[in-house]
Amino acid sequence: MTSFDLHGRTALVTGSRSGIGRAVAVALARAGADLVLHGRTADLDEVDKEVAEAGARTTRWVFDLSDVDGIPAAVADLPEVDILVNNAGIIRRAPAAEHSLDDWRAVLGVDLDAVFVLSRTIGAGMLARGHGKIISIASMLSFQGGLNVPGYTAAKHGVAGLTKALANEWAAHGVQVNAVAPGYVETANTEPLRADPVREADIRSRIPAGRWGRPEDIAGAVVFLASPAADYVNGHVLAVDGGWLTR
Ligand code: NAD
């Protein structure tokens, strides 16, 4: 099990207050990592308690990632990060023909621009030290078109492309860049889909595993990619989807 051990490593998980980010933060802590918890607002007490109970030392970073230009200066105050999990994300739903440029830009800003700037800024330190792991949370919509979410689909395809671009440049320098693509997971992000009985049943009936994912289902893949066990895994987008893509 030692190759999955994260003791001595510090992980930053963006958007760690809720959903997938919270489950990932707790799982990384259980694997031995210390945590930089991040939220747009300061309400990080609950996740901090859970992560500290798992044995992690914690630091908090409160920052709105839609301020992409402000990221480099804000990151300079953080502890040295060995594992970056680009998890924070938003989604705006409206049919493509009515999708506003404001919604498009808001989603691209948080879901792709911020992922690039965080990866570039924190990745520079990893390159200088000769080791590091970057894991971005992609989506089924890194592979498929989706409905009513053109900005989100463009951003998540972008995350998959950026993952490969960074991996291609940084693999030789000891920095592994990968992504995890969750299927349909019970979080705030998918609440409107689950509130619509027709859409909910439609989605569930297409999942070979026969159920929606839970945030904890996603965390193990992130721990693997954050660990020495994945030192030779580069530029991979790992679907954790109950079989959705095999359908
Ligand atoms: P969530 O809404 O619970 O989590 C999103 C997190 O991002 C929240 O903690 C939120 O505060 C944070 N965030 C949003 N905008 C921010 C900003 N401007 N600044 C700082 N933080 C911000 O939903 P989730 O499903 O856990 O989403 C986590 C990631 O997983 C997202 O990237 C999402 O696109 C992705 N994802 C989710 C699903 C799913 O089915 N739930 C599927 C595929 C991918």
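## The ligand and its pocket

An oxygen atom of the ligand is 2.5 Å from an N or O atom in the side chain of T187, a polar contact (a pair of N or O atoms within 3.5 Å). This is a predicted model, where local features need pLDDT of at least 70, side-chain atom pairs count only at pLDDT 80 or more, and totals for chains, interfaces and linings use all residues. Residues are numbered from 1 along each chain as its sequence is written, and side-chain values use heavy atoms, leaving out hydrogens and water.

| Residue | Backbone N or O atom to a ligand oxygen atom |
|---|---|
| G15 | 3.4 Å |
| I20 | 2.8 Å |

On its own the ligand has 820 Å² of accessible area (Shrake-Rupley method, 1.4 Å probe), and the protein covers 94% of this.

Who are the neighbours? Around the ligand there are 28 residues (each with a heavy atom within 4 Å), and I20, N87, Y152, V185 and T187 come nearest. By class, this shell has 13 nonpolar, twelve polar and three charged residues.

The ligand takes up the space of the largest pocket. A pocket here is an open set of points on a 1 Å grid over the protein atoms alone, where a 1.4 Å probe fits, with protein on both sides within 12 Å along at least five of seven lines; lining residues have an atom within 4 Å of a point. The volume of the largest pocket is about 1,200 Å³. Its lining counts 49 residues, with G89, I90, I91, T187 and N189 nearest the centre.

Methods:
A polar contact is a pair of N or O atoms within 3.5 Å; within protein, one must be able to donate a hydrogen and the other to accept it, and residues adjacent in sequence count only if both atoms are side-chain atoms. A molecule sits in a cavity or pocket if more than half of its atoms lie within 2 Å of its grid points. Ala, Val, Leu, Ile, Met, Phe, Trp, Tyr, Cys and Pro count as nonpolar, Asp, Glu, Lys and Arg as charged, and the others, Gly among them, as polar. Grid points are joined across faces, edges and corners, and a volume is the space filled by probe spheres set on the points.
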